[in-house]
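Here are my notes on the model you sent over. Have the structure open while you go through them, point by point.

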Amino acid sequence: MCQRPFQRGVQALAQYVAREGLHRVPRTHQEQITVEGRTAPLIVKLGVWVSNARSRHDTLTQEQSTALAEPGGEWPGTR
């Protein structure tokens with residue numbers, strides 16, 4: 001995974017978990033985040049991103065797995 005889109009996904013997930021309190025993101029959910037250097041908010045297709053990250057959990061680096069677990073608990077494949 002490319003680092004920048006991954007970090008944006010983690011940012012969107014953290015925002016979602018802070019608001020909703022859980023990692024269960026509906027597949028169709030989109031999260032609006034603020035990205036430094038951009039004047040308009042960025043829309044992250046968070047439901048799709050989470051689904052893809054879960055299906056690829058065995059290819060994530062240790063750092064990526066840790067970043068995914070931080071916003072609110074267990075993440076499949078956390079090593």
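1. Among the contacts in the protein between residues at least 6 apart in sequence, 41% join residues at least 24 apart; contact here means heavy atoms within 4.5 Å. Before you read on: this is a predicted model, where local features need pLDDT of at least 70, side-chain atom pairs count only at pLDDT 80 or more, and totals for chains, interfaces and linings use all residues. Residues are numbered from 1 along each chain as its sequence is written, and side-chain values use heavy atoms, with hydrogens and water left out.

2. On the overall layout, the secondary structure comes to three helices and two strands, and from the N terminus on the elements run α-β-β-α-α. Helices (H or I, at least four residues) and strands (E, at least two) are DSSP runs, numbered from the N terminus. Of the 79 residues, 35% are buried. For that word, the cut-off is under 20% relative accessible area, with exposed over 50% and partly exposed in between (1.4 Å probe, protein chains only).

3. Which residues have the most contacts inside the largest nonpolar core? They are F6, L13, L46, W49 and L68, in a core of 18 residues. A nonpolar core is a set of buried Ala, Val, Leu, Ile, Met, Phe, Trp, Tyr and Cys residues joined through side-chain atoms within 4.5 Å. The elements that give it two or more residues are α1, β2 (42-44), α2 (46-55) and α3 (62-69). Helix α1 supplies the largest share, six residues.

4. Take a look at V10, which sits in helix α1. V10 is buried, at a relative accessible area of 11%. Neighbours within four places in sequence aside, V10 is in contact with W49, A67 and L68. As for L46, its C-alpha atom is 9.2 Å from that of V10, although the two are 36 residues apart along the chain.

5. L46 has its own set of partners. Again leaving aside neighbours within four places in sequence, L46 is in contact with G9, A12, L13, Y16, V25, H29, Q30 and E31. Within α2, the residues L46, G47, W49, V50 and A53 are buried. They cover an arc of only 165° around the axis, so they are on the same side of α2; the arc is that of the directions from the helix axis to the C-beta atoms.

6. How many aromatic pairs does the structure hold? One. A pair of aromatic rings is described by the distance of the centres and the angle of the planes. Rings of Phe, Tyr and Trp (its six-membered ring) pair if their centres lie within 6.5 Å; planes under 30 degrees apart count as stacked, over 60 as edge-to-face and the rest as tilted. The rings of F6 and W49 have centres 5.7 Å apart and planes at 55°, so this pair is tilted. Because F6 lies in helix α1 and W49 in helix α2, the pair ties together parts that are 43 residues apart in sequence. Both F6 and W49 are buried.

7. Now the charges. A salt bridge is a side-chain nitrogen of Lys or Arg within 4 Å of a carboxyl oxygen of Asp or Glu, and by this rule the count is two. In one of them, the side chains of E20 and R19 meet at 3.1 Å, N to O. E20 is partly exposed, with a relative accessible area of 41%, and R19 is partly exposed too, at 44%. The side chains of E31 and R19 also meet in a salt bridge, at 2.7 Å, N to O. That pair links distant parts of the chain, with E31 in strand β1 (residues 31-33) and R19 in helix α1 (residues 3-20), 12 residues apart.

8. Is E31 buried or exposed? It is buried, with a relative accessible area of 3%. The side chain of E31 also makes a polar contact with the side chain of Q15, at 2.7 Å. A polar contact is a pair of N or O atoms within 3.5 Å; within protein, one must be able to donate a hydrogen and the other to accept it, and residues adjacent in sequence count only if both atoms are side-chain atoms. Not counting residues up to four places away in sequence, E31 touches A12, Q15, Y16, R19, L42, I43, V44 and L46.
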